[in-house]
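Here are my notes for you to read with the model open beside them. Take the points one at a time and find each residue as you go.

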Amino acid sequence: LPPGEFLMREGKPVDGIWIVLSGQVQLMRTVNGKQIIFHAQSVGRIIGLLALSLGKSSFFDCRTATDITAIRVSVDELHRALETHPVLSNHFVTVLVRTLARRTRRSVELQLEINALRRNIELERDQLASTLEELKKTQTLLVEHEKMATLGQMSAGIAHELNNPVAAMSRAGEFLRKDISALSRH
């Protein structure tokens, strides 16, 4: 089968298994309208075994990721083979247990990754909160500095405005003193 072919569809009854001889498949689910790949590395060579053994419909969409060579085995063919060859039943159970173990291990790995990501997000959130608090403090200081600078400019302006009339009066007083001195000598 070429890439992109569906072997099983999510929510549809499983009426057999696929034995993948070569190539890779992906197990996906539709979540909020988007297809998310759940298993690509942990997919075994027998597809549909868990759903079939539980008598459930397919939990995943199973799609070929690459060209694959596979054998389709119907439920009837599988039952006949298990009834007529008891050794095959042992192999069937072994494969089923290994598949469950591989999926369980992958589930644990994913949970550990989720926990690590959650911790990283919490650390980043705390850092962002700290940075925001520092920015607020810095903003308050900048506003205070701006107020002080404005007050300084206003004070300098007022001093300048006061100094001009005082200086003018002082000069006028000096002129008066000189004029009065000159008049008193005559």
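The points below go from the ground rules to the strands, the core, the helices and the salt bridges.

1. Ground rules. This is a predicted model, where local features need pLDDT of at least 70 and side-chain atom pairs count only at pLDDT 80 or more, while totals for chains, interfaces and linings use all residues. Residues are numbered from 1 along each chain as its sequence is written, and side-chain values use heavy atoms, with hydrogens and water left out. The helices (H or I, at least four residues) and strands (E, at least two) are DSSP runs, numbered from the N terminus.

2. The three-stranded sheet. Start with the open sheet that has the order β5-β2-β7 and antiparallel pairing; two strands pair if DSSP finds at least two bridges between them. Its edges are β5 (46-47) and β7 (69-74), each of which pairs on one side only. Between β2 and β7 you can trace six bridges, and Gly16 sits opposite Ser74 of β7.

3. Pairs with β6. Now look at strand β6, which pairs antiparallel with β1 over two bridges and antiparallel with β3 over four. Which residue of β6 is the bridge partner of Phe6? That is Arg63, and Arg63 is also the bridge partner of Gln26.

4. The core. A nonpolar core is a set of buried Ala, Val, Leu, Ile, Met, Phe, Trp, Tyr and Cys residues joined through side-chain atoms within 4.5 Å. Buried means under 20% relative accessible area, exposed means over 50%, and partly exposed is in between (1.4 Å probe, protein chains only). The largest core here has 21 residues, and among those touching the most other members are Leu7, Ile17, Cys62 and Leu78. Two or more residues come from each of β1, β2, β3, α1 (49-54), α2 and α3. Helix α1 gives the largest share, four residues.

5. Helix α2 and its neighbours. Two packed helices are described by the angle between their axes and the distance between the axes. For α2 (residues 75-84) and α3 (residues 86-184), the axes come within 5 Å and cross at roughly 115 degrees. Axes are lines fitted to C-alpha atoms, for helices over the stretch in contact, and angles run from 0 to 180 degrees between N-to-C directions. Contact means heavy atoms within 4.5 Å, and here Leu78, Ala81, Leu82 and Thr84 of α2 meet Pro86, Leu88, Ser89 and Phe92 of α3. Helix α2 also lies across β2 and β7, at about 80 degrees to β7.

6. Salt bridges. How many does a search of the whole structure find? There are six, where a salt bridge is a side-chain nitrogen of Lys or Arg within 4 Å of a carboxyl oxygen of Asp or Glu. In one of them, Arg9 pairs with Asp61, with the closest N and O atoms 3.3 Å apart. Arg9 lies in the loop between β1 (6-8) and β2 (16-22) and Asp61 in strand β6 (residues 61-64), so this pair ties together parts 52 residues apart in sequence. Arg9 is partly exposed at 40% relative accessible area, whereas Asp61 is buried at 3%.

7. Two further bridges. Arg29 and Glu10 form a salt bridge at 3.6 Å between the closest N and O atoms. This one links strand β3 (residues 25-31) to the loop between β1 and β2, 19 residues apart. Glu144 and Lys147 meet at 3.8 Å, N to O, and both lie in helix α3, three residues apart, about one turn of the helix.
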